[in-house]
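Notebook open, model loaded. I want to look up cavities first, then the nonpolar cores.

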Amino acid sequence: MKGRDGVSDLKMISSPKSLDMDKLRSLFSLEGLRIIVTGASGGLGLGQLMLIAELGAEVFGLSRTGRPKEEVEIPSALTIHFLETDVTDPEEVKSVFNEIGEAGGIDVLVNNAGITIKKKAEDVSQQEWRKIHQVNVDAMFGCCQAGYPWLKKSHHIGRIINISSMSSY
């Protein structure tokens, strides 16, 4: 698909070095939205958080550490909050979501937190298997439950985006 300027919109968006932020903002403005991203300390989650903020949203990045794994420069114009949150703890998740919700609502939840163990399936212990499911399945469901009361109140039609991967870094 070609944009008005004759350049493929898909090519423009898929190549980070050629991102035209003005074009992205005009197509995908998130101005005024409050968005939670889990697993936001690195990789896909941190990338999502930064782009979502660049598109105008106030973003809450949840992770075990409450900060990016690597040093990142965050422009002062962006509204990003990093919060230390154990997404496998339902009471902590509910408390954090309520705090965010009470302070201005929640419009979008991006469930991105996930773990993997890099070994052959036959070598994965039952304890490791339970931990993978605790983070990748149970925590995602718990975040949906904690976010739903706030998402249904959103004036922007609350959304949940669940991210999954066979192997993510």
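Predicted model: local features only at pLDDT ≥ 70, side-chain atom pairs only at ≥ 80, totals over all residues.

I counted one cavity of 30 Å³ or more. By cavity I mean a set of points, on a 1 Å grid over the protein atoms alone, where a 1.4 Å probe fits but cannot get out. The largest cavity holds about 40 Å³ of space, the volume being the space filled by probe spheres set on the points, with points joined across faces, edges and corners.

Numbering runs from 1 along each chain as its sequence is written, and side-chain values use heavy atoms, with hydrogens and water left out.

T38, V87, N111, A113, V135, A139, M140 and C143 line the largest cavity. Six of the lining residues are nonpolar, two are polar and none is charged. Helix α5 (a DSSP run of H or I, at least four residues), residues 126-151, gives the most to this lining, with four residues.

Then the cores: buried (under 20% relative accessible area, 1.4 Å probe, protein chains only) Ala, Val, Leu, Ile, Met, Phe, Trp, Tyr and Cys residues joined through side-chain atoms within 4.5 Å. I found 19 residues in the largest one, with L30, I35, V37, L49, I52, A57 and V59 having the most contacts inside it. α2, β1 (strands are E runs of at least two), α3 and β4 each supply at least two residues of this core. α3 gives the most, with five. I also noted a second, separate core of 16 residues, including I100, L109, A139 and W150.

Definitions and conventions. Buried < 20%, exposed > 50% of the residue type's maximum accessible area, 1.4 Å probe, protein only. 1 Å grid on protein atoms, 1.4 Å probe; cavity = no way out; pocket = protein on both sides within 12 Å on 5 of 7 lines; lining within 4 Å. Nonpolar A, V, L, I, M, F, W, Y, C, P; charged D, E, K, R; others polar.
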